Amino acid sequence: MSIVREATVDDCPQILELIQELADYEKEPDAVVNTVQALEEHLFGANPQVFAHVADDGSGTIVGIAIWYLTYSTWEGRHGIHLEDLYVRANQRGLGTGNALLRTLATICVDRGYKRLEWQVLDWNEPAIKFYDSLGAGALDGWTTRRLDGDDLVTLGSQGAK
């Protein structure tokens with residue numbers, strides 16, 4: 001069984017490897033433009049806004065990652081966690097690693113009084129959906145994720161606040 005711990009700056013090269021493995025799994029192998037240096041800055045710089053936990057196999061090899069950031073519910077008046085990426089290497093799936101990573105984030109939520117732990121899953125990812133269902137994590141009916149990026153983001157952003 002892997003040991004879940006907070007990531008350290010020395011983990012960044014392996015974290016990036018797992019991010020790439022996740023992109024490959026999600027059929028977006030060319031989508032990752034992140035770098036070790038960017039991870040180091042964002043996770044461990046002067047004012048981190050994103051956090052990571054890793055599952056270490058005991059030999060220093062990272063076999064799973066949970067990358068997350070804080071959210072805020074205006075209705076609840078409380079923070080929550082948005083899980084950006086949960087990934088476990090294929091040869092480690094089914095051994096409790098993903099469960100341990102999610103339990104760690106759930107514990108953080110409970111300990112800090114956060115009200116939500118949320119994430120997204122691709123519609124076609126049946127193994128992940130079954131895993132999340134087994135934990136009691138249901139889909140949010142009636143909600144659709146929207147994203148503004150690329151040229152549309154630049155166009156809207158260049159209009160400024162008026």
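## Stop one: a tryptophan in a loop

Select Trp124 to begin; this residue sits in the loop between β5 (117-119) and α4 (126-134). Helices here are DSSP runs of H or I with at least four residues, strands are runs of E with at least two, and both are numbered from the N terminus.

A word on what you are looking at: this is a predicted model, where local features need pLDDT of at least 70 and side-chain atom pairs count only at pLDDT 80 or more, while totals for chains, interfaces and linings use all residues. Residues are numbered from 1 along each chain as its sequence is written, and side-chain values use heavy atoms, with hydrogens and water left out.

Trp124 counts as partly exposed because its relative accessibility is 37%. On this tour, buried means under 20% relative accessible area, exposed means over 50%, and partly exposed is in between (1.4 Å probe, protein chains only).

Together with Trp124 they form a nonpolar patch with about 250 Å² of accessible area. Patches take residues with over 30% relative accessible area and no salt bridge, joining nonpolar side chains (Val, Leu, Ile, Met, Phe, Trp, Tyr) within 5 Å and like charges within 9 Å. The areas come from the Shrake-Rupley method with a 1.4 Å probe, and for residues only the protein chains shown count as cover.

Color α1 (12-25) and α2 (36-44). How do their axes cross? They come within 9 Å and cross at roughly 110°. That is why α1 counts as roughly perpendicular to α2. The axes are lines fitted to C-alpha atoms, for helices over the stretch in contact, with angles from 0 to 180 degrees between N-to-C directions. Angles of 65 to 115 degrees count as roughly perpendicular, under 35 as roughly parallel, over 145 as roughly antiparallel, and the rest as oblique.

Show side chains at the contact: α1 brings Cys12, Pro13, Ile15, Leu16 and Ile19, and α2 brings Val36, Leu39, Glu40, Leu43 and Phe44. Contact means heavy atoms within 4.5 Å. While you look along a helix, remember that an α-helix has 3.6 residues a turn, so residues three or four places apart point the same way.

Next, go to the loop between α1 and α2, where you will find Lys27. Its phi is near 65°, a positive value in a residue other than glycine. Lys27 is exposed, at 58% relative accessibility. Val33 is in the loop between α1 and α2 too, and it is exposed with a relative accessible area of 74%.

## Stop three: salt bridges

How many salt bridges does a search of the whole structure find? Four. Each is a side-chain nitrogen of Lys or Arg within 4 Å of a carboxyl oxygen of Asp or Glu.

Select Arg5, which is partly exposed at 25% relative accessible area. Arg5 forms a salt bridge with Asp11, and the closest N and O atoms are 2.7 Å apart. Asp11 counts as buried, at 5% relative accessibility. Arg5 also meets Asp56 in a salt bridge (3.2 Å, N to O). This pair links distant parts of the chain, 51 residues apart: Arg5 in strand β1 (residues 3-6) and Asp56 in strand β2 (residues 51-56). Asp56 is buried, with a relative accessible area of 10%.

Jump to Arg89 and Glu21, whose side chains meet in a salt bridge (2.3 Å, N to O). Arg89 is in the loop between β4 (78-88) and α3 (97-112) while Glu21 is in helix α1, so the pair ties together parts 68 residues apart in sequence. Arg89 is buried at 16% relative accessible area, whereas Glu21 is partly exposed at 23%. Back at Arg5, salt bridges that share partners join Arg5, Asp11 and Asp56 into one network.

## Last stop: α3 and α5

Pick Thr104 in helix α3. Leaving out residues up to four places away in sequence, Thr104 touches Val4 and His53. Finish at helix α5 (residues 150-158), which is hardly covered: among its nine residues, the count of buried ones is zero. Just after α5, Gly160 takes a positive phi of about 70°.
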